[in-house]
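This report concerns the salt bridges of a protein model. Please view the sequence and structure shown here before reading on.

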Amino acid sequence: MKYLFALTLACFTLLGCSEKDVQVSEAPEASGPVEIDEMPPMIEMDGHPEHGPHGGELVELGKEAFHIEMMHGTGAVAMYVLDGSATQPVAIEAEKLTVSLKHDGKVKSFELPADPQAEDASGKSSRFASTNAEMDQWLEAEAEGAVIVQIEGKSYTGKISHDHEHDH
């Protein structure tokens, strides 16, 4: 680490910076209030949004290698596979996701078959969905458990918990 610092310092010393290299431009004066079309997404301290692109709860996979966005409460359940930043869909070759939930002392597994979105490559899916009303009800009742998915030949397990410690 100290060699990297020394190398960086040496580069700055050799390249130097003189006053003639620095260009300063005047900032234009503001003519009124700045208008923003939409609110920026809420970002948590770990660098990803508080909710997924569809407004759903996020489940971390593989130390934030990927995320699952859970959507429920409509009589159906949809889960979207997202990248490490939890902002972009990732189409995978899996045919299904498996969800194991515990609610009122009962444990049950559910499967969500692939339900490709229009932009997903052929034979891949970034969305998995089920019309299993019982699974939807369990998730609405804040059942906890895990989602298991295969991505690029590796199995990932994400913990499903309904963390409401953050402010809304």
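The text below describes the salt bridges and the exposure of their residues.

The model is predicted: local features need pLDDT of at least 70, side-chain atom pairs count only at pLDDT 80 or more, and totals for chains, interfaces and linings use all residues. Residues are numbered from 1 along each chain as its sequence is written, and side-chain values use heavy atoms, with hydrogens and water left out.

How many salt bridges does the model contain? The count is 3, where a salt bridge is a side-chain nitrogen of Lys or Arg within 4 Å of a carboxyl oxygen of Asp or Glu.

| Pair | Closest N and O atoms |
|---|---|
| Lys108 and Glu134 | 2.5 Å |
| Asp115 and Arg127 | 3.2 Å |

Helices (H or I, at least four residues) and strands (E, at least two) are DSSP runs, numbered from the N terminus.

Glu111 is partly exposed at 47%.

Strand E5 also holds Lys108, whose partner Glu134 lies in helix H2 (residues 133-140), 26 residues apart. Lys108 is partly exposed at 34%, and Glu134 is partly exposed at 29%.

In the salt bridge of Asp115 with Arg127, Asp115 belongs to the loop between E5 and strand E6 (127-130), and Arg127 to strand E6, 12 residues apart. Asp115 is partly exposed at 31%, and Arg127 is partly exposed at 21%.

Methods. Buried means under 20% relative accessible area, exposed over 50%, partly exposed in between (1.4 Å probe, protein chains only).
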